[in-house]
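Here is a briefing on one chain. Look over the sequence and the model, then read the points below.

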Amino acid sequence: MKSKPSPTLAKSAQPAVVLLSGGLDSTTVLAIAQSEGFAVHTLTFRYGQRHSVEVDAAKRIARNAGVARHHLVEIDLTVFGGSALTADIPVPKDRDLGAASPSAKEIPVTYVPARNTIFLSYALALAEVVEASNIFIGVNALDYSGYPDCRPEYIQAFERMANLATRAGVEGRTRLTIRTPLISLPKAGIIRLGASLGVDYAVTTTCYDPGTHGEACGSCDACQLRLKGFAEAGLEDPIEYAGTRGSLAAGGRTRAGRGAQ
């Protein structure tokens with residue numbers, strides 16, 4: 001685990017843990033946590049993901065935000081595979097993600113088995129160490145590709161377990177809360193909220209299958225949802241896409257209803 005302390009940390013601020021992937025949602029959640037006055041400990045994972053460019057994005061975002069400390073954890077989920085993000089399985093492109101499509105009823109191959117459970121378990125351990133009672137995660141129950149570990153009932157179950165599994169919870173010193181401020185917002189609403197908090201979405205990355213220079217493909221589920229969100233928010237997506245820009249790609253590639261993180 002690598003950590004970088006911030007010299008600007010306010011001593012009186014309460015600590016919180018934010019899971020930061022480097023993506024649009026988690027960066028918005030970071031801004032929300034800081035707007036509430038928390039001294040934020042960001043937690044990022046290099047887990048063998050195909051889109052590892054997100055790790056560098058998370059580092060930049062944490063540094064620019066002046067977080068209390070950025071923690072980078074390295075684990076290897078490729079030993080299990082089972083996902084297009086951690087194994088040699090093609091990332092689906094140009095899927096119809098409309099609510100009436102067959103895709104809307106399937107858990108896609110980009111689902112990483114138990115990923116949020118693994119990540120939240122690390123976040124729980126960190127929260128105990130820094131004495132934080134709030135863990136923030138950017139899960140979304142609307143645009144989530146059917147991932148089972150993005151549902152409200154899952155978050156509620158993990159929160160119950162967390163308060164049973166920690167010394168602080170058992171001793172009654174604090175009650176740990178899993179904060180999911182984006183869970184019921186559409187992507188356009190998330191983008192508008194982030195923009196109102198000053199989030200620079202140009203430094204975020206979303207694509208599941210980026211190019212060699214980090215440019216987004218524009219066709220995977222995550223890209224489709226991002227582009228649709230910016231289009232519906234009436235804003236230009238500031239990141240670079242393969243062969244085009246987000247402002248040009250917000251038309252034919254955005255057949256989305258439910259989708260990625």
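Are Tyr 201 and Phe 230 buried or exposed? Both residues are buried, where buried means under 20% relative accessible area, exposed means over 50%, and partly exposed lies in between (1.4 Å probe, protein chains only).

This is a predicted model: local features need pLDDT of at least 70, side-chain atom pairs count only at pLDDT 80 or more, and totals for chains, interfaces and linings use all residues. Residues are numbered from 1 along each chain as its sequence is written, and side-chain values use heavy atoms, with hydrogens and water left out.

**Overall make-up**

- The chain has eight helices and eight strands. Both are DSSP runs numbered from the N terminus: helices are H or I with at least four residues, strands are E with at least two.
- The chain holds 261 residues, and 51% of them are buried.
- Contacts are heavy atoms within 4.5 Å. Of the contacts in the chain with a separation of 6 or more, 74% join residues 24 or more positions apart.

**Aromatic pairs**

- Rings of Phe, Tyr and Trp (its six-membered ring) pair if their centres lie within 6.5 Å; planes under 30 degrees apart are stacked, over 60 edge-to-face, and the rest tilted. That rule gives seven aromatic pairs.
- One of them is Phe 38 with Phe 136, an edge-to-face pair at 5.7 Å centre to centre and 70 degrees between the planes. The pair links distant parts of the chain, 98 residues apart: Phe 38 sits in the loop between helix 1 (24-35) and strand 3 (39-46), and Phe 136 in strand 5 (residues 134-136). Both Phe 38 and Phe 136 are buried.
- The ring centres of Tyr 201 and Phe 230 are 5.8 Å apart and the planes stand at 90 degrees, so this pair is edge-to-face. Tyr 201 lies in the loop between helix 6 (187-196) and helix 7 (221-233), and Phe 230 lies in helix 7, 29 residues apart.
- One aromatic cluster is formed by Phe 45, Tyr 47, Phe 119 and Tyr 122.

**Helix 3 and helix 4**

- The axes of helix 3 (residues 115-130) and helix 4 (residues 152-165) come within 12 Å and cross at roughly 35 degrees. Axes are lines fitted to C-alpha atoms, over the stretch in contact for helices, with angles from 0 to 180 degrees between N-to-C directions.
- Helix 3 contributes Asn 116, Thr 117, Leu 120, Ser 121 and Leu 124 to the contact, and helix 4 contributes Tyr 154, Ile 155, Phe 158 and Ala 162.

**Ser 26**

- Ser 26 belongs to helix 1. Its relative accessibility is 6%, so Ser 26 counts as buried.
- A polar atom of the Ser 26 side chain lies 3.0 Å from the backbone nitrogen of Ser 21.
- Leaving out residues up to four places away in sequence, Ser 26 touches Val 18, Leu 19, Leu 20 and Ser 21.

**Loop residues**

- Pro 108 is in the loop between strand 4 (69-74) and helix 3. With 7% relative accessibility, Pro 108 counts as buried.
- Pro 108 and Pro 92 are 16 residues apart in sequence and 8.4 Å apart in space, C-alpha to C-alpha.
- Most residues other than glycine have a negative phi.
- Asp 94 has a positive phi, near 55 degrees. Asp 94 is in the loop between strand 4 and helix 3, and is partly exposed at 41% relative accessibility.
- Glu 131 also has a positive phi, near 60 degrees. Glu 131 lies in the loop between helix 3 and strand 5, and is exposed, with a relative accessible area of 64%.

Note on methods
A polar contact is a pair of N or O atoms within 3.5 Å; within protein, one must be able to donate a hydrogen and the other to accept it, and residues adjacent in sequence count only if both atoms are side-chain atoms.
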